[in-house]
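Subject: Structure handover

Hello,

Please find the structure below. My notes on its helices and sheets follow.

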Amino acid sequence: MKLTEIRQCFEEKFGQGGDIRTYFAPGRVNLIGEHTDYNGGHVFPCALTIGTYLLARKRPDNKLRFYSMNFEKTGVIESTLEDLAPKTEKNWTSYPKGMIWTFNGKGYPITQGVDMVLYGNIPNGSGLSSSASVELATGVMLRDLFGYENLTNTDLALFGQYSENNYNGVNCGIMDQFAIAMGQKDQAIFLDTSDLSFQYAPIKLENAKIVIACSNKKRGLGDSKYNERRSECETALAEIQKVKDVPSLGALSIDEFEAVKDAIKDPVRLKRARHAVYENQRTIQAVEALKQNDIAKFGKLMNDSHVSLRDDYEVTGIELDTLVEEAWGCDGVIGSRMTGAGFGGCTVSIVETDAIDRFIQKVGDAYEKKIGYAADFYVVEIGDGAGTLAE
Ligand code: GLA
């Protein structure tokens, strides 16, 4: 899809003329550090070059008109600035509406209507954060059109998370919105979610690439067990806090955790907390390994991350396990794990360049045979974060 085609679509739906502006927000993939962000731990995501394009023009009245080229059948959806209360019945416009609602609530009033056309090339529901991408595309658009230049990209990431938590009912952490807002080409972001301090780490893979395998098992965070996992961790932390003064599971070293873990009274909660603590430490070690150019160790930590997500956190399922376990059996695979929330969605693998074709063939065939439908594979590049696109 070319930008000129999206522009043409905008003019067809909403008419020509005026100041039509173009914005882009990427999707993201997390290399390691899963389900650690709402536990005060570290994550290591990067922005992708695929994402959401948004074209917008202010209106003189209070109308909001939305059109997605990904949901053509739904057609143009209309609303008004006065009709933004969170609704139980949701569709894709809940993401841009949630952002407008958040701007208003945070003291950045949106005072005029807007016409918007969106086009995204992130597979929906794939776990590459298509929803956070729509949120951040809307965020950079509102900042620009309404002159709120004092808002930083970190502010917009926090607005996106706020909107997701309070408008769309998913208690997500900050990782997705932060990666999408702050991404940089060829860099992953080592983010400490306890205080939002971060460092960029160059991903210089010699003779290897990042390959994403999409299970095509659809899921939405809202109907997944995401919120349940989060509250299991919160309960486990509260039990630990009875015997040790600690702000989050992410603040515990492995030795500290092992010393207090008996305070957790339920074996399932113990597994959840163990994942959160060990995964955080793995993430720190993985970034260290990368700095020392020890890509083999990085890959091994990715594999360990998957095992922990499968056995302790129990968020993988047969689709993701099949993709990852098949990947582990392929020559040239440095590391492979599920990425994102889990319960469907994608895996991320680091694969030697000359092994990629064989990898896709072998994992793809085995997956289709076992699961009954095909997976999709994407060799991805690391791109920049959300912003305005020049004409
Ligand atoms: C989803 C959430 C993130 C994070 C991941 C799991 O992508 O939006 O905040 O919790 O799941 O690591």
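Helix 8 and helix 9 (residues 295-311) pack with their axes 9 Å apart and at an angle of about 170 degrees. The two are therefore roughly antiparallel to each other; angles over 145 degrees count as that, those under 35 as roughly parallel, 65 to 115 as roughly perpendicular and the rest as oblique. Axes here are lines fitted to C-alpha atoms, for helices over the stretch in contact, and angles run from 0 to 180 degrees between N-to-C directions. Helices (H or I, at least four residues) and strands (E, at least two) are DSSP runs, numbered from the N terminus.

This is a predicted model, in which local features need pLDDT of at least 70 and side-chain atom pairs count only at pLDDT 80 or more, while totals for chains, interfaces and linings use all residues. Residues are numbered from 1 along each chain as its sequence is written, and side-chain values use heavy atoms, with hydrogens and water left out.

The contact between helix 8 and helix 9 (contact means heavy atoms within 4.5 Å) includes Lys-271, His-275 and Glu-279 of helix 8, and Ile-295, Lys-297 and Phe-298 of helix 9. By class, it has seven nonpolar, four polar and six charged residues. Ala, Val, Leu, Ile, Met, Phe, Trp, Tyr, Cys and Pro count as nonpolar, Asp, Glu, Lys and Arg as charged, and the others, Gly among them, as polar.

Helix 8 also meets helix 6: their axes come within 9 Å and cross at roughly 95 degrees. That makes helix 6 roughly perpendicular to helix 8. On the helix 6 side the contact is made by Arg-229, Glu-232, Cys-233, Thr-235, Ala-236 and Glu-239, and on the helix 8 side by Val-268, Arg-269, Arg-272 and Ala-273. Four of these residues are nonpolar, one is polar and five are charged.

Helix 6 itself has 16 residues (226-241), which should span 22 Å at 1.5 Å a residue; its end C-alpha atoms are 23 Å apart, which agrees. The expected span is 1.5 Å times one less than the number of residues. Among the buried residues of helix 6 are Tyr-226, Arg-230, Leu-237 and Ile-240, where buried means under 20% relative accessible area, exposed over 50% and partly exposed in between (1.4 Å probe, protein chains only). Their cover includes helix 7 (254-260) and helix 8 (267-291).

Now the strands. Two strands pair if DSSP finds at least two bridges between them. Strand 11 (residues 346-352) has six of its seven residues buried. Strand 11 runs antiparallel to strand 9 (residues 208-214), with seven bridges, and Cys-214 stands opposite Cys-346. Six bridges join strand 11 to strand 10 (residues 333-339), again antiparallel, with Ser-336 as the bridge partner of Ser-349. Strand 10 and strand 11 form a hairpin with six residues between them, and Gly-340 in the turn has a positive phi of about 90 degrees.

There is also an open sheet of six strands, in the order 5-4-6-3-1-13 and with mixed pairing. Strand 5 (77-80) and strand 13 (387-389) are its edges, each pairing on one side only. Within the sheet, strand 1 (residues 21-30) and strand 3 (residues 45-58) pair in the antiparallel sense over nine bridges; Arg-21 has Ala-56 as its bridge partner in strand 3. Helix 3 (residues 130-145) packs on the sheet, touching strand 1, strand 3, strand 6 and strand 13.

Regards
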